[in-house]
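Trainee: Could we go through this one together? I'd like to know what stands behind the labels.

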Amino acid sequence: MSAVPVEEIARLMLSSTNNLTLHTGNIINWNHLKRKTSQNAGEEVLECLSATLNVWSSTVDPSWMNEESNNALIITNPNQMERISEDERSKLKVSVKIFLLKWDPDLVVEAVDQVCNELDIGVVDSVLLALPPLEAEMGEELTVNHILPMWEPMERLYDVERVSAIGTSDLDKEMLEQTHGMARVKPTINQVNVVSCCVIPPELTAFAKENDIQLLTHSDPRDVLPTPTFQEILRGSSHDDHVDEWQPFWVLRYTVMVKCRGVIKAKGYIVNGRRHATDMPLSVA
């Protein structure tokens, strides 16, 4: 019996799972990315996920054919994996931004647990939460009733000291003020998109100053990983005929900085997607 090509094994592995997590590893070490300083997060995610899947699909272990299929598949770039040792942890600051793509609060804890497992750490220094686009049945404008159920798992992570600081992304002054007023654990950071808002509104600056909220800027796209893009990445690397059954659920970006030098030691993306995904709209009172 002839050996099964590794590309076919990769396709079979992907078709046998309903839950897929991809970890790019430390992309700081990717020389071709160092020259692309103008890339936004969406372009960077696309390139990194494609490269990770290409490496995996060409080097997958054939022994998988003799194992029982696992419903959850984790794909990593083995050449770029870097865990944080206990000795160096105190010298590093680990910052995370979660781009939720579904209105499911459980995904927040899931994403934080995944990055802790991948980096072998117990605590994340800061987590920022970027909410997904509103779904049709949720109305046209974001309200605090949308935000608070997604913020509650952030508070729980803070309570159990899994996260040291929690923050928001892209909240205007009104939404930040309402969230701050109603949240049990207050956000200490809010990111502002410099693409849509080249100058931070004075009223937002004033409110942040009065309430000890750090304002940071970013240029991340609103939809960092559209479903068609995710499906095309899978199609190009796995040749799976059923990639249209997949949807991305969350994207997590982490950075590891050396505290005393202010130098980024590591940066990577972790992405979770699911097959036969169904939208999970948030019930708003």
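This is a predicted model: local features need pLDDT of at least 70, side-chain atom pairs count only at pLDDT 80 or more; totals for chains, interfaces and linings use all residues.

Trainee: Let's start with the overall picture: how many helices and strands does the chain have?

Mentor: The chain has nine helices and nine strands. Of its 285 residues, 48% are buried, and the chain exposes about 14000 Å², with carbon and sulfur atoms supplying 49% of that.

Trainee: Where does His180 sit, and why is His180 called buried?

Mentor: His180 is in helix H7. Its relative accessible area is 12%, and buried means under 20%, so His180 counts as buried.

Trainee: Which residues is His180 in contact with, if we skip its neighbours within four places in sequence?

Mentor: Those are Lys186, Pro187, Phe207, Asn211 and Ile213. A contact here requires heavy atoms within 4.5 Å.

Trainee: And Asp172, where is that residue?

Mentor: Asp172 lies in the loop between strand S5 (166–169) and helix H7 (173–182).

Trainee: What makes Asp172 partly exposed?

Mentor: Its relative accessibility is 44%. Buried would be under 20% and exposed over 50%, so at 44% Asp172 falls in between and counts as partly exposed.

Trainee: Which residues gather with Asp172 in a patch on the surface?

Mentor: Glu140, Glu141, Glu174 and Glu203 gather with Asp172 there. Asp and Glu count as negative, so this is a patch of negative charge. Patch residues need over 30% relative accessible area, and Asp172 has 44%.

How values were computed:
Residues are numbered from 1 along each chain as its sequence is written. Side-chain values use heavy atoms; hydrogens and water are left out. Patches are made of residues with over 30% relative accessible area and no salt bridge: like charges are joined within 9 Å, nonpolar side chains (Val, Leu, Ile, Met, Phe, Trp, Tyr) within 5 Å. Accessible areas come from the Shrake-Rupley method with a 1.4 Å probe; for residues, only the protein chains shown count as cover. A salt bridge is a side-chain nitrogen of Lys or Arg within 4 Å of a carboxyl oxygen of Asp or Glu. The place of a charge is taken as NZ of Lys, CZ of Arg, CG of Asp or CD of Glu. Helices (H or I, at least four residues) and strands (E, at least two) are DSSP runs, numbered from the N terminus. Buried means under 20% relative accessible area, exposed over 50%, partly exposed in between (1.4 Å probe, protein chains only).
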